[in-house]
Amino acid sequence: GEELSIDSAAVGEEIIEGELVSAGGKTYPIVRGIPRFVPDEQYAGNFGFEWNLFNRTQVDETSEAESSPQKSESEELIDYAGLVTRKGHESHDTFYFKTGLKPEELEGKRVLDAGCGTGRFAAIAADAGAEVFACDLSSAVEACYKNLGEMPNVHVVQGDIFKLPLAEESFDLIYSLGVLHHTPDTRKAFLSLPRL
């Protein structure tokens, strides 16, 4: 298929309804502020009652811009799925532990969150100064957009990581946390991402 290029100048403009058109004339709708690279039936009907009902689940209560990564004496440590972390900072601590990245490694980078869910990890990368493209196949993108759509450096898209219509080398970094093993073919899902 034909690939779209990401234009840094254009991504700053908020388009709620419309369409993206490739150079070859292929169109992709923008519905409720989210470009959709999936068939109509995946976004036209029920758009994620569960995700919208629980849209803040797993999203840290404060952004890292407002809090220190250092543990204060009053912070409670908890065991979060086997990772000892600071209560209220589970997503932050999980993100940096699992990726091995440091905040300064994200600053100014173009990053793909492959399987963003409600945006819990996209928020962390964006707080570090990355320009984040948060992508999910499911209607979770509705909750992600609700949570992070106001952030100028977060762009939410609905698409299939097996066949994202994006040009090669569109991103500096790609991460996928807790997603690839849920796909029909983990190896194929993983191998579809490095070209980006």
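The questions and answers below take up helix packing and aromatic pairs.

This is a predicted model, in which local features need pLDDT of at least 70, side-chain atom pairs count only at pLDDT 80 or more, and totals for chains, interfaces and linings use all residues. Residues are numbered from 1 along each chain as its sequence is written, and side-chain values use heavy atoms, with hydrogens and water left out.

Q: Why are α2 and α4 called roughly perpendicular to each other?
A: Helix α2 (residues 90-99) and helix α4 (residues 120-127) pack at an angle of about 75°, and angles of 65 to 115 degrees count as roughly perpendicular, so α2 and α4 are described in that way.

Q: Which residues make the contact between α2 and α4?
A: With contact meaning heavy atoms within 4.5 Å, S91, H92, T94, F95 and Y96 of α2 meet R120, F121, I124 and A125 of α4.

Q: What makes F133 and F171 an edge-to-face pair?
A: Rings of Phe, Tyr and Trp (its six-membered ring) pair if their centres lie within 6.5 Å, and planes over 60 degrees apart count as edge-to-face, under 30 as stacked and the rest as tilted. The centres of F133 and F171 are 5.5 Å apart and their planes are at 70°, so the pair is edge-to-face.

Q: How is the pair of F95 and Y175 arranged?
A: The rings of F95 and Y175 are 5.0 Å apart, centre to centre, with 80° between the planes, and this pair is edge-to-face as well. The pair links helix α2 with strand β9 (residues 173-175), 80 residues apart.

How values were computed:
Axes fitted to C-alpha atoms, helices over the stretch in contact; angles between N-to-C directions. Helix = DSSP H or I, 4+ residues; strand = E, 2+ residues; numbered from the N terminus. Parallel < 35°, antiparallel > 145°, perpendicular 65-115°, else oblique.
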